[in-house]
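Visitor: Could you take me through one part of this model closely, namely a charged pair and its surroundings? I would like the cut-offs spelled out as you go.

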Amino acid sequence: MYFWNSARLARKNFVCRYLHLPQIDDIIGIYLSAGKNYNIFYSAVRSGIIMYEIKNLTKKFGEKTAVDGATLNFYKGFNCITGRSGSGKSTLLKMLGLMLAPDSGNVILNGEDLWLISERERNILRNRGLGFVFQNYSLEPNYTVFENVELPLLIAGVPKAERRARVEECLEFVGVTPLKKQRAATLSGGEQQRAAIARAMANSPDVLLADEPCGNLDKENGDRIMSIFRRLADGGATVIMITHNEEDARKTDRVIRLLDGRVIEDARF
């Protein structure tokens, strides 16, 4: 149990904010949620504050409880949510991505409760602060690869010269620059998924959410996608991926396992 004089704690937190460091109460929370494991704790503090938090998150569909009181912290790095079909993985990811409102509980990004802000603010956050990668790619089939990646930047109002530079950078990162003038419908599955990741990266989001990104791909293309996520995570991104593939799950930094909507395992590597 930690005992802090309230005045001293307030002063320490002010200094932490001024120096852009995690606040004292954040650090205590990181330590406890890391299971008092010093290596995990030190890594988490060095990488910054908790990026994403969910507290007592619950969602029901009729009589079925899809997510049942989930409480988790997500740090920078490669996070994986796994579990058998119907365990609540996709429902949880949709709530993290503001595509589905919880029945109760909190979704907090960088200290802000996302269901207490306005719908307009959530729309801006979905465009600029969150990146999405879906199993079925969700590209505009008649747009070129370049136009697909440019689309979120257009919505965000990014000037043309900056848009072009960002698109080229993202295309190069995922290795599809030679395909930039091709229509999305003409690409293979692996090529479409790499283009989809480039699109998700375009606005430099705080968090990248991926729902079964390798589910429609063969092993070679799946491994390539996992390698891209690994580079993003190692570069400081917060990647949260859903998968039922145990081999892919073992390639991440952390595996959160769900069963009947409840967190039954939270293992870090």
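Guide: K59 is buried, with a relative accessible area of 12%, where buried means under 20% relative accessible area, exposed over 50%, and partly exposed in between, using a 1.4 Å probe and protein chains only. This is a predicted model, in which local features need pLDDT of at least 70 and side-chain atom pairs count only at pLDDT 80 or more, while totals for chains, interfaces and linings use all residues. Residues are numbered from 1 along each chain as its sequence is written, and side-chain values use heavy atoms, with hydrogens and water left out.

The side chain of K59 meets that of D103 in a salt bridge, at 3.5 Å from N to O; the term denotes a side-chain nitrogen of Lys or Arg within 4 Å of a carboxyl oxygen of Asp or Glu. K59 belongs to strand 1 (residues 52–61), whereas D103 sits in the loop between helix 4 (89–96) and strand 4 (104–109), so the pair ties together parts that are 44 residues apart in sequence. Helices (H or I, at least four residues) and strands (E, at least two) are DSSP runs, numbered from the N terminus. In contrast to buried K59, D103 is partly exposed, with a relative accessible area of 46%.

Across the whole structure, a search finds 18 salt bridges. Among them, R126 pairs with E119, their closest N and O atoms being 2.8 Å apart, and E119 is partly exposed at 39% relative accessible area. Elsewhere, K219, D223, E247, D248 and K251 are linked in a network of salt bridges.
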